Amino acid sequence: MDTPPVVRRATTVTQLTAAEHLYDGPARPEWAERFLAAPGHLMLIAYVEGEPVGMVSGIEMSHPDKGTEMCLYELSVDERYRRRGIGRALTQALAEAAKERGCYGMWVGVERDNDAALATYRAARAKDDGDFAMLTWTFR
């Protein structure tokens, strides 16, 4: 039987750097400090038997005529722990945290051909809101 994950908010640089295997690249302590110090930044980490096995990060975005919403910035689950509901649990935990913080909604940008991500978000009760185009700027 699988041990259910425990989802906790990351509040220290040590917690963020211990989960770096879940990121696209290595964690940098100075960036982790900046993340923690920024109002509206949130990272939840899923642990199984004390080991970080998944993470989701969110960023609050506010606008004068809309209020505040949560952007699901990144979701990652260790390959060994995929297809066990951890991504869904993390997504739902971020949605609950967003509600508790007074956000009116939450959104995520995802490629239309990313079937695993789409299935995870839909399983966490996200609604497909039609076409979405993401354009980017790179500054380095």
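Over the ring of which residue does the charged end of Arg 28 sit? In this predicted model, that residue is Trp 31, and the charged end of Arg 28 is 4.2 Å from the centre of its ring. There is another such arrangement to report: Arg 8 lies over the face of Tyr 47, at 4.3 Å from the ring centre. Aromatic pairs, by contrast, number zero in a search of the whole structure.

The largest nonpolar core has 18 residues, and within it Ile 86 and Leu 94 touch the most other members. Two or more residues are contributed by each of strands E2 (41–48), E3 (51–63) and E4 (67–77), and by helices H3 (86–100) and H4 (115–123). Helix H3 supplies the largest share, five residues. A second, separate core has twelve residues, including Leu 22, Tyr 23, Met 43 and Met 55.

The buried residues of H3 are Ile 86, Gly 87, Leu 90, Thr 91, Leu 94, Ala 97 and Ala 98. Viewed down the helix axis, these buried residues fall within an arc of 135°, so they line one face of H3. The face turned away from that buried side carries Lys 99 and Glu 100, both exposed.

What do the buried residues of H3 pack against? Their partners are strands E1 (6–9), E2, E3, E4 and E5 (106–107), together with helix H4. Ile 86, setting aside neighbours within four places in sequence, is in contact with Pro 5, Ala 46, Val 53, Val 77 and Tyr 81. Finally, H3 is followed by Gly 102, whose phi is positive, near 90°.

Note on methods
Residues numbered from 1 in each chain as written. Predicted model: local features only at pLDDT ≥ 70, side-chain atom pairs only at ≥ 80, totals over all residues. Heavy atoms only, no water. Phe/Tyr/Trp six-rings, centres within 6.5 Å; stacked < 30°, edge-to-face > 60°. Lys NZ or Arg CZ within 6 Å of the ring centre and 35° of its normal. Core = buried A, V, L, I, M, F, W, Y, C linked by side-chain atoms within 4.5 Å. Buried < 20%, exposed > 50% of the residue type's maximum accessible area, 1.4 Å probe, protein only. Helix = DSSP H or I, 4+ residues; strand = E, 2+ residues; numbered from the N terminus. Contact = heavy atoms within 4.5 Å. Arc of directions from axis to C-beta.
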